[in-house]
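Subject: Structure handover

Hello,

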Amino acid sequence: MKLVIAEKPSVGRELAKVFGATTRKDGYIEGKGYSFTWAFGHLLQLAPPQEYGFYGWRKEHLPMLPQKFKLSIRKIKTKDGMVEDPGVRKQLDIIQKLFDECTEIIVATDAGREGELIFRYIYSYLKCKKPFKRLWISSQTDEAIKDGFRNLKPGTEYDTLFSSAHCRSVSDWLVGMNATQALSISAGNRSVLSLGRVQTPTLAMICARYLEIKNFVPKTYFQIGIQLDKDGQLFKAISVDNFDTKEESEAIFAKVEDVASGFSNGGNITAVEAKPRKEPPPLLHDLSSLQQEANKRNGFTADQTLGLLQNLYESKLVTYPRTGSRYIGDDIFATVPTLIASLTDHPQFAKQAIALGEMTLNKRSVNAKKVTDHHAVLTTGIKPGSLSKDHQAIYDMVAGRMLEAFHQECVKEVTKITIQSEITFMANGTVIRSAGWRSVFNDVEDDKKDEDNPALPKVKKGEALPIVNKALLEKQTKPKAMYNEASLLKSLETCGKEIEDEELRYAMKDSGLGTPATRAAIIETLLTREYIIREKRNLVPTAKGLAVYDIVKEKRIAQAELTGAWEKRLEEIRSGGTSVQEFKSEIIDYTRSITQELLTDGAAISSQLAAPAV
């Protein structure tokens, strides 16, 4: 009998259905020479401190550095405290029996870092020694599953993936457990003050932005606006220079000639620049970019988007959701025309899908070298039935982006007119000559929504046009916007560096904070810890969050670059380029350092937390 182990019951049942296995047993399904069983996500976790003899939160225990990490059955909270989850214990017993009986093990947990960890921890805990093979698929369609089973990989090919996952788990335990206890002890054990390898630099980014806005002092400045007339077509221009004082601006304003002042030729055209600009289509979605778009368009949280996308994946409608790649290889590109054709009756995208079927497809998102474990998120070609409003919204974002990514460039004509009238004015306008990929959603660019001149008249250098109106404009400098989930996810990709170019941002993905698959959980953790709250769509620190930030802001645990460097090392472990032992030694040294810092600063920390937050 061959045993297939999935990550969750729904996936196990779907795999069994594809193979025609129908005999239901307690905790598994069998038939056709196979047994299909499952985990419930993480059945096992690294054991808590007390299982190494560290009872209670005591200064003398720190830092806690287990020589060898143990695995522990997932716990649940009861009136008697934290106890083993009986459902998990029962399922492990079932898996143990199936391990003993089977002739071959096939791993069908999610094809990624966490999925590998889930299986390997079960395999290790149950002391199984049988070799296993790996199912590695990017789609849950029947065809993809069958093809995957025809091309099973030796389990040893994924040893480095497990090493990366285990190192991540160990580093989170070492830093999180020790730093949390050290900070809480220093604060007098008034409450649990959680710190973590990834959550703390993320909190630091949110708090730093909040305080920057809170302490921002707006500066007033003045500009002069004019309205010109070219054969009945009016357009606006703004002074190139800003004025610091009202008196200075009023003096210039009085000299600007307009019709009301008795002058009819107040504006002299000194330069006209009209240039075509080609705007390439966006890259395909990975999980992070989709979460950002869903937050902007629909206000979905990162966690909501991941849940909805996972549902669509398990319903065979989209490919693997937890991907960090925005590219596909040539093999997948060969299937794209069929995927596009499946959208020709889509209520929103039919026209574009039909048009795209007759074009040469853009290959900007095609680069096999930039595909790691999984390619970008695509539809599968299976037509959805009746979807909920939220599921439909996410499906349409995947489908729409797929059409955009393979569409033609958007061609614009960008015009700048320079006008002289006492001072220099500039009029800007953009005309779309060929919408290309922008025709899919017909969205206006964010930075063009407030543009004064969607289109400018044809004018020539040397012309003099009447200024029919003028206005003195009082403006104020503005702070950066508060983080919302979309902007925070974008910043987490680059450790807070503001990079607009999506390809440059993508190039930094292995050095970001967390991974596309874990960032939603980071945000939810900060909310659960009551370090931040949601105010409308913004993420705002609480007094507790600000107090913790004030303590750690100068320490390395709050530095995004440090955690980003560790994330890159974890990826290098996955690719076989970094020693596991070297990474663990570095984390242990760091754990000793941050623990000592927090314990040494005990008195100062206690007084900081006693004082009201800024």
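Helices (H or I, at least four residues) and strands (E, at least two) are DSSP runs, numbered from the N terminus. By that count, Gly545 falls in helix H17 (residues 543-552).

The model is predicted, so local features need pLDDT of at least 70 and side-chain atom pairs count only at pLDDT 80 or more, while totals for chains, interfaces and linings use all residues. Residues are numbered from 1 along each chain as its sequence is written, and side-chain values use heavy atoms, with hydrogens and water left out.

Overall

The chain has 20 helices and 20 strands. Its C-alpha atoms fill a box of roughly 100 × 70 × 45 Å along the principal axes. Of the 614 residues in the chain, 51% are buried. Here buried means under 20% relative accessible area, exposed means over 50%, and partly exposed is in between (1.4 Å probe, protein chains only).

Two pairs of positions

Gly545, in H17, is buried, with a relative accessible area of 0%.

Arg13 sits in helix H1 (residues 9-19) and counts as partly exposed, because its relative accessibility is 37%. Arg13 and Ser186 are 173 residues apart in sequence, and their C-alpha atoms are 50 Å apart in space.

Helix H19

H19 (residues 580-600) has 21 residues and reaches 30 Å from its first C-alpha to its last, close to the 30 Å expected at 1.5 Å a residue. The expected span is 1.5 Å times one less than the number of residues. The buried residues of H19 are Phe583, Ile587, Tyr590, Thr591, Ile594, Thr595, Leu598 and Leu599. They lie on the same side of H19, because they cover an arc of only 155 degrees around the axis; the arc is that of the directions from the helix axis to the C-beta atoms. An α-helix has 3.6 residues a turn, so residues three or four places apart point the same way. On the other side of H19, Gln581 and Thr600 are exposed.

At the start of H19, a side-chain oxygen of Ser579 comes to within 3.2 Å of the backbone nitrogen of Gln581.

Helix H3

In helix H3 (residues 113-125), the 13 residues should span 18 Å at 1.5 Å a residue, and the end C-alpha atoms are 18 Å apart, which agrees. H3 is largely enclosed by the rest of the structure, because 10 of its 13 residues are buried. Those buried are Arg113, Gly115, Glu116, Leu117, Ile118, Phe119, Arg120, Tyr121, Ile122 and Tyr123. H3 is followed by Lys127, which has a positive phi near 55 degrees.

The cavity

The structure holds 1 cavity of 30 Å³ or more. A cavity is a set of points, on a 1 Å grid over the protein atoms alone, where a 1.4 Å probe fits but cannot get out; lining residues have an atom within 4 Å of a point. Grid points are joined across faces, edges and corners, and a volume is the space filled by probe spheres set on the points. About 80 Å³ of space lies in the largest cavity. Its lining consists of Val11, Leu15, Ala108, Thr109, Asp110, Ala111, Arg134, Leu135, Ile137, Gln140 and Tyr313. These divide into 7 nonpolar, 2 polar and 2 charged residues. Ala, Val, Leu, Ile, Met, Phe, Trp, Tyr, Cys and Pro count as nonpolar, Asp, Glu, Lys and Arg as charged, and the others, Gly among them, as polar.

A polar contact

Gln223, in strand S12 (residues 220-230), counts as buried at 10% relative accessibility. A polar contact of 2.6 Å joins its side chain to that of Lys475. Such a contact is a pair of N or O atoms within 3.5 Å; within protein, one must be able to donate a hydrogen and the other to accept it, and residues adjacent in sequence count only if both atoms are side-chain atoms.

Backbone geometry in loops

- Leu62 and Pro63 are joined by a cis peptide bond, with omega about -5 degrees. Pro63 lies in the loop between strand S5 (44-46) and strand S6 (71-73).
- Lys316 has a positive phi near 70 degrees, in a residue other than glycine. Lys316 belongs to the loop between helix H9 (302-314) and helix H10 (330-333), and at 11% relative accessibility it counts as buried.
- Glu422 also has a positive phi, near 75 degrees. Glu422 lies in the loop between strand S15 (410-421) and strand S16 (423-434) and is partly exposed, with a relative accessible area of 46%.

Regards

Notes
On a 1 Å grid over the protein atoms alone, a cavity is a set of points where a 1.4 Å probe fits but cannot get out, and a pocket is an open set with protein on both sides within 12 Å along at least five of seven lines; lining residues have an atom within 4 Å of a point.
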